[in-house]
Amino acid sequence: LWELVSRLIQDCQALPAEGSIGTLTDAFVMLVQAHVPVAGLSDVSSRESPELSDLTKVGSLIRTVLDRLRELDPLGGDLSWREWVELFQRVLDETRIPIDEERHQGVQVLDAMTARGRTVRALFVLGMNEKLFPRYVREDPFLRDRQRVVLESTLGYKIDEKLAGHEEEVLLFELLSRSATNRLYLLYQRADEAGRVMAPSGFIAMAMRDPRFVATPEEAVPRRLTQRISAQPSIQDLLPAEELTLGCLLQGHDAGPVLEAMGRDQRLFEQGLATLKISERESPELGPFDGIIGAQASTSSATARRSFSPTALERYATCPFQYFADKVLRLEPVRRIQQDHLPPLTIGSLVHESLRLSYERLLLLKWPDGPLDEARVQSTVHEAVLDRFAAHAASQGTGHALLWTLACEQVTELVAAAVASDQAEYLATGFRPVAFEAAAQGIVQLESDGPAVSLKIHGTLDRVDYRSEPPALRIVDYKFKQGNEISPVDRNLALSAVRGFRLQPPLYARMTLPSLPAATEVQLLFLAPQWKQQISRSTFEAGLWTGQTGALIGQTLTTLIQGIANREFFILPDGYCDYCEFTGACRRHDAMAWWRSYRSPQARVLRKLRKQKVQDE
Ligand code: SF4
């Protein structure tokens with residue numbers, strides 16, 4: 001080894017320090033030939049051999065690189081070894097050895113542009129539909145072809161004419177059709193994924209008329225796999241494993257051996273098949289895959305243990321599956337809908353907080369009967385709103401600054417209007433706020449076919465108003481609304497309660513607060529910037545519980561509680577589905593699930609609630 005290395009060092013030292021490209025290249029070749037025998041590099045004859053080994057190919061290419069360097073010799077000038085190495089490296093980088101030089105036989109999948117001009121035995125052209133091939137060509141309405149011609153002829157700017165696209169497509173088809181030496185297959189779709197009819201390309205008729213081709217009758221490939229197999233049983237040997245399994249199943253054969261050969265989980269498959277059979281059955285009865293998850297011991301024991309909030313019951317009345325997803329599974333939406341403005345929920349909670357803080361501060365100033373002028377009320381409200389917004393911004397950020405400022409102004413205006421309205425209301429009725437965000441509970445006795453049912457309820461009351469003479473208690477619930485007008489559901493609270501749409505008013509009326517008398521009425525106070533009247537009220541009289549309306553509300557509650565106790569969490573699709581947070585987990589788009597959600601006895605019971613009427617009492 002020492003001898004070898006010493007000789008190499010000696011020869012390196014004997015190299016010229018600098019020289020022309022040719023001189024340095026020759027010196028390098030001699031050095032390599034003396035010390036590193038590389039097949040193909042020194043042996044010129046081997047380069048012509050057709051069966052070159054990989055190493056010989058490399059040597060041969062290095063030799064080509066060195067030859068290219070020698071070609072630069074006439075440029076003259078001397079180089080240092082560093083400069084020569086840089087040049088050598090650059091030419092080496094540009095040299096490539098193809099991974100596989102073999103010509104490919106068999107099937108090639110190419111796009112039309114790549115396939116044109118090639119010669120193949122059989123050519124299958126897919127997508128021979130109108131507007132696909134030929135593509136849809138039309139003039140640019142902003143720069144017509146004649147204007148493009150003018151631009152080219154006067155200014156010399158070449159801008160392609162759009163309508164020339166027709167001729168390009170014809171030429172492309174011509175080249176493609178000439179590529180096939182034996183057979184040309186032109187395939188088009190009869191319909192798209194949505195079932196809309198698709199027209200065949202005009203090129204097909206053109207090819208049928210072309211005397212170069214001997215046209216065979218058009219062949220329609222059946223849409224269904226079973227029909228395809230029965231029309232041409234031999235395709236079973238060529239089907240992908242998944243389609244073969246499907247074919248076996250559709251023809252009633254055992255797909256087990258195919259699954260086993262594919263290494264698929266057969267148990268999972270069988271379970272899936274059994275589930276599919278149940279969920280696809282033609283029966284209006286709800287089953288385990290329709291949200292019927294098994295009843296509890298009894299309605300009374302199920303409800304005796306639990307306490308319900310009015311909104312939870314409203315949710316069940318709207319759609320039992322929504323209730324299941326939210327209250328039982330406690331699912332949270334994975335993707336929240338992106339909005340370019342502050343979500344109504346955020347503004348709603350800011351309105352609630354601002355109202356509470358404003359009233360608390362105003363009460364300290366002896367509002368509503370103290371000597372408080374208009375300006376002082378306004379400034380108190382303004383400061384309270386600013387404080388609430390600042391606290392919210394500190395914890396959750398503001399989002400877009402302009403929208404935040406607009407929201408702040410809107411909430412200030414709404415809260416000021418609510419305070420002014422409450423002042424007038426105080427003068428007319430004598431009710432004044434005494435508590436905010438108060439936790440309350442209650443029990444509602446419900447009639448049922450079996451033993452009496454006690455429904456425990458709880459809730460947080462936005463505001464409690466009290467009147468000393470005559471004594472009365474009013475529960476106020478704030479509602480921030482962004483629509484254009486009040487909905488019928490909010491206008492007639494008694495009817496909405498009977499139908500299960502609004503259960504807060506009747507249930508709040510049955511809740512009690514420590515050291516306060518029973519509520520005489522529940523009022524929804526609407527703060528709606530878009531309505532004709534920004535501040536509106538709807539009232540539910542607690543006395544309605546004692547009449548026919550109360551009995552109907554009790555029946556509605558019994559129905560809902562029984563549904564929850566029986567653990568019937570079926571879907572109940574309607575217009576509100578568009579805003580449902582759980583739509584991703586819902587099977588309402590499945591035809592059979594949707595059908596049962598209309599025809600099942602349980603769904604009919606809930607839908608019937610929505611058609612109930614009340615008489616004026
Ligand atoms: S999308 Fe409609 S049916 Fe499905 S859970 Fe939501 S509300 Fe119910």
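Predicted model: local features only at pLDDT ≥ 70, side-chain atom pairs only at ≥ 80, totals over all residues.
Close-up 1. As for its place in the protein, the ligand sits in the largest cavity.

**Close-up 2. An aromatic cluster.** Here you can find Y316, F321, Y323, F324 and F569, which form one aromatic cluster.

**Close-up 3. The aromatic pair F133 and F203.** The structure holds 18 aromatic pairs. In this one, the ring centres of F133 and F203 are 5.3 Å apart and the planes stand at 80°, so the pair is edge-to-face. F133 belongs to the loop between β3 (120-125) and α6 (145-155), while F203 is in helix α8 (residues 202-209), so the pair ties together parts that are 70 residues apart in sequence. Both F133 and F203 are buried.

**Close-up 4. The aromatic pair F526 and W531.** With ring centres 5.5 Å apart and planes at 45°, F526 and W531 make a pair that is tilted. F526 is buried, at a relative accessible area of 0%. W531 has 9% relative accessibility and also counts as buried.

**Close-up 5. Arginines over aromatic rings.** Look for R510 first: its charged end sits over the ring of W545, 4.6 Å from the ring's centre. Then turn to R607, which lies over the face of Y598 at 3.9 Å from the ring centre.

Technical notes:
Residues numbered from 1 in each chain as written. Heavy atoms only, no water. 1 Å grid on protein atoms, 1.4 Å probe; cavity = no way out; pocket = protein on both sides within 12 Å on 5 of 7 lines; lining within 4 Å. Sits in = over half its atoms within 2 Å of the grid points. Phe/Tyr/Trp six-rings, centres within 6.5 Å; stacked < 30°, edge-to-face > 60°. Helix = DSSP H or I, 4+ residues; strand = E, 2+ residues; numbered from the N terminus. Buried < 20%, exposed > 50% of the residue type's maximum accessible area, 1.4 Å probe, protein only. Lys NZ or Arg CZ within 6 Å of the ring centre and 35° of its normal.
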